[in-house]
Amino acid sequence: MSAAAWHAAVAVLILLLCSRLAAARVQLSHGGALATRRRDNVPATACALTAVPFGYPCEEHQVTTDDGYILSLQRIPRGRRAGAGVGGSGLGQPVLLQHGVLAVRRQLTNGMQDGMTWLLSSPEESLAYILTDRGFDVWIANTRGTRWSSRHVSLDSSSRDYWDWSWDDLVVKDMPNMVDYVCTHTGQKPHFVGHSMGTLVALAALSEGRLADKMKSAALLSPVAYLAHMTTPIGILLAKTFVGEIISILGVAEFNPISSAVTNLMRELCRHPQTKCYDLVRDLTGMNYCLNNSAVDVLLQYEPQPTSTKTMVHLAQTFRDGVVSKFDYVWPKVNMEKYGQPDPPSYNMSNIPASFPLFLSYGGRDELADPADVGLLLRDLLGHDRRKMTVQYLEQFAHLDFVLGTCAKDYVYNDVISFINRFN
């Protein structure tokens with residue numbers, strides 16, 4: 001069968017399976033919703049689940065965005081040793097950690113990460129613990145829709161309106177509100193460390209003139225901006241067959257990766273001869289160099305988390321169009337209403353203030369933040385002050401090595417801390 005014929009067959013199959021998904025959405029919206037049960041069957045707080053058992057002080061904070069989403073932040077103000085902060089005060093320089101979009105089961109699904117990503121390895125290997133033991137005041141962000149940030153002032157998470165957002169809204173609302181909260185609470189500008197889509201949100205915000213005056217620096221691990229050279233076969237197939245768009249048209253605003261319909265859909269996509277699904281951790285992210293499999297197993301215990309279908313569509317658009325732009329509503333009239341122009345505005349990365357300190361670390365085996373796409377980003381940053389930008393290339397690293405790698409401390413985190421200290 002030719003590639004075109006296969007894609008056509010897959011498209012028909014997707015329509016059938018997505019219809020099932022749309023029907024399943026009705027069942028999942030009632031009181032016994034699977035997604036709700038999954039989120040509720042864990043300890044009451046992220047602190048209780050992660051930092052506290054290791055002996056770290058940990059605080060739970062909440063931020064309400066301008067559009068009503070109630071976001072959770074975890075704060076680890078100091079290390080396990082008394083007086084671990086700068087000058088022994090226990091209150092060091094704040095650092096805000098922002099997670100990415102991808103979390104996977106060993107088979108068949110993908111979805112949103114949350115702030116736990118920074119806390120799953122041991123205190124000797126997790127960036128959050130390493131930072132706080134070095135005297136930093138660590139704040140961990142959780143994006144809207146994830147386990148710890150699933151509430152809204154008026155909307156129920158089972159409603160379509162709750163999920164009516166893309167990563168544009170994280171740029172305009174979530175990240176600015178969380179940065180403002182940390183600034184207000186600590187009286188200091190935080191440093192920012194992001195991974196994967198967390199870097200995309202930061203780059204887009206900085207390109208629009210947001211937050212450069214409210215943060216001291218940004219360290220970007222597996223930086224994502226352009227996606228045109230993404231090499232993960234299943235990601236390419238999902239984008240080319242317009243899975244997100246079809247699901248959205250059928251009225252499914254929440255992309256719940258543990259629903260049976262999505263799982264069945266992924267199984268069928270995995271039948272594509274060019275798609276490998278034996279180990280999606282590898283097949284989606286690349287051949288990781290020093291991945292902590294124990295940490296991955298802990299992550300998988302709590303399943304991938306839902307995200308908005310609109311975000312999945314937006315990422316697919318970024319891959320297909322080869323540019324970084326705001327969400328495309330396709331119809332020129334709708335784009336005109338939203339943006340005042342028939343096409344969505346682009347995020348111009350060359351507009352990032354040249355004097356803003358940037359640290360970028362990327363891997364040669366990363367199939368999501370492909371080196372060719374990072375090269376396009378670096379081209380946009382050619383005018384950046386060389387004294388304010390550090391670029392690190394690790395040939396053997398893939399996407400998850402930067403957050404769950406046993407050797408990330410030696411190869412990445414020590415350099416991140418040195419960079420941060422330069423701009424304290």
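Tutor: Start with helices H5 and H6. In this predicted model, H5 spans residues 167-186 and H6 spans residues 197-207. Their axes come within 9 Å and cross at roughly 70°. An angle of 65 to 115 degrees counts as roughly perpendicular, so H5 is roughly perpendicular to H6. The crossing of H5 and H6 is right-handed.

Now the side of H5. Trp 167, Leu 170, Val 171 and Met 175 make the contact with H6. In an α-helix, residues three or four places apart point the same way, because there are 3.6 residues a turn. From H6 come Met 197, Leu 200, Val 201, Ala 202, Ala 204 and Ala 205. The make-up of this contact between H5 and H6 is 10 nonpolar residues, with no polar and no charged ones.

Go on past H6. Leu 211 sits in the loop between H6 and strand E9 (217-221). Leu 211 is not a glycine, yet its phi is positive, about 75°. Leu 211 is also buried, at 5% relative accessibility.

Phe 356 belongs to the loop between helix H13 (332-339) and strand E12. What does Phe 356 contact, beyond its neighbours within four places in sequence? The partners are Leu 206, Ala 212, Met 215, Lys 216, Ser 217, Ala 218, His 384 and Lys 388. Phe 356 has a relative accessible area of 4%. Buried means under 20%, so Phe 356 counts as buried.

First, a word on rings in general. The whole structure has 16 aromatic pairs. One of them joins Phe 327 and Tyr 329, edge-to-face, with 4.8 Å centre to centre and 75° between the planes. Phe 327 is buried at 9% relative accessibility. Tyr 329 is partly exposed at 22%. Back to Phe 359: its ring centre is 5.5 Å from that of Phe 419, and the planes stand at 50°, so this pair is tilted. Elsewhere, ring pairs link Tyr 69, Tyr 162, Trp 163 and Trp 165 into a cluster.

Val 330 lies in the loop between helix H12 (309-321) and H13. Its phi is positive too, near 70°, and Val 330 is not a glycine. Buried or exposed, then, for Val 330? Val 330 is exposed, with a relative accessible area of 60%, whereas Leu 211 is buried.

Finish with helix H7 (residues 233-240). Of its 8 residues, 6 are buried, so H7 is largely enclosed by the rest of the structure. The buried ones are Ile 234, Gly 235, Ile 236, Leu 237, Leu 238 and Ala 239. Phe 242 follows H7, and its phi is positive, near 55°.

Conventions:
Residues numbered from 1 in each chain as written. Predicted model: local features only at pLDDT ≥ 70, side-chain atom pairs only at ≥ 80, totals over all residues. Heavy atoms only, no water. Axes fitted to C-alpha atoms, helices over the stretch in contact; angles between N-to-C directions. Helix = DSSP H or I, 4+ residues; strand = E, 2+ residues; numbered from the N terminus. Parallel < 35°, antiparallel > 145°, perpendicular 65-115°, else oblique. Left-handed = near helix turned anticlockwise from the far one by under 90°. Contact = heavy atoms within 4.5 Å. Nonpolar A, V, L, I, M, F, W, Y, C, P; charged D, E, K, R; others polar. Phe/Tyr/Trp six-rings, centres within 6.5 Å; stacked < 30°, edge-to-face > 60°. Buried < 20%, exposed > 50% of the residue type's maximum accessible area, 1.4 Å probe, protein only.
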